[in-house]
Amino acid sequence: MSIGEVLAQLRVEFPDTTISKLRFLESEGLVEPQRTPAGYRKYSWDDVARLRFVLTAQRDQYLPLRVIREQLAEADRDGLPGSERHRPSLVAVGPDGEVPGRELAAPVGESSETRLDRTELLSRSGLAEALLAELERMGLVVSQPPGWYDADALVIAQAVAGLAAYGLEPRHLRGYRTAADREVGLFAQLVAPLARQNDPAARARAAEAARELVGLSQRLHAALVRVGLRGTLGR
């Protein structure tokens, strides 16, 4: 298969996948398609299964490429073909592509195709107009010119609506904004040297590093909250 045919296969399950992403995974040694005498990539079904394994591990388990590469190497040592390779556990996906407990946000550094007007954002998030206005005043939700909202705005609005159902008010959320801003500053220092390069491969590595950092941050935050609540829950 050509890289375009592979992309068509994978986009059914992984709509954010791009040709650049497939080339990046190849540059990272996660898949090694054969080349025609003219230099074009030719993927086998085993290559597609391998890519599906990588994309599933990233999407559902936030695994860094280093860990995925180790798992693939272990499977290779065991001699498992792609179709028989253990696949990361899958999760249920809702009608809008959302996964409970996982954000519906665009990959870091890539623009989202989601465009919602204010009415759609209120409808899909369940927020009241007054609460959305308060979140905008605090800078937690930001609209893009000329007034549409992206996938991240929807994730934030849905999360706030869920927290509000438990009685949390916008004033309780200022700490989230402050903590996020600190992480942005820290992570930006780590990925900026790669992102500033003109080399597309370097920029792809920067985007991948940012994705992994965000995933690790989410895991760390969730674990710290769980640990902190154990005493309250008596566990």
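## Basis of the model

The model is predicted: local features need pLDDT of at least 70, side-chain atom pairs count only at pLDDT 80 or more, and totals for chains, interfaces and linings use all residues. Residues are numbered from 1 along each chain as its sequence is written, and side-chain values use heavy atoms, with hydrogens and water left out.

## Overall make-up

The protein chain contains nine helices and two strands, where helices (H or I, at least four residues) and strands (E, at least two) are DSSP runs numbered from the N terminus. Starting at the N terminus, the order is α-α-β-β-α-α-α-α-α-α-α.

Of its 235 residues, 33% count as buried; buried means under 20% relative accessible area, exposed over 50%, and partly exposed in between (1.4 Å probe, protein chains only). Contact means heavy atoms within 4.5 Å. Among contacts between residues at least 6 apart in sequence, 61% join residues at least 24 apart. The chain exposes about 14,300 Å², with 55% supplied by carbon and sulfur atoms; accessible areas come from the Shrake-Rupley method with a 1.4 Å probe, and for residues only the protein chains shown count as cover.

## Helix α7

Helix α7 spans residues 151-165, and its 15 residues reach 21 Å from first C-alpha to last, close to the 21 Å expected at 1.5 Å a residue. The expected span is 1.5 Å times one less than the number of residues.

At the start of α7, a side-chain oxygen of Asp 150 comes within 3.2 Å of the backbone nitrogen of Asp 152. The buried residues of α7 include Leu 154, Val 155 and Val 160, and the buried set packs against α5 (118-125) and α6 (129-138). After α7 comes Gly 167, with a positive phi near 100°.

## Glu 208 in helix α9

Glu 208 is found in helix α9 and counts as buried because its relative accessibility is 6%. Its side chain makes a polar contact with the side chain of Arg 211 at 3.0 Å; a polar contact is a pair of N or O atoms within 3.5 Å, where within protein one must be able to donate a hydrogen and the other to accept it, and residues adjacent in sequence count only if both atoms are side-chain atoms. Leaving aside neighbours within four places in sequence, Glu 208 is in contact with Lys 21, Phe 24, Gln 58 and Leu 65.

## Leu 233

Leu 233 lies in helix α9 (residues 200-233). Leu 233 counts as exposed because its relative accessibility is 55%.
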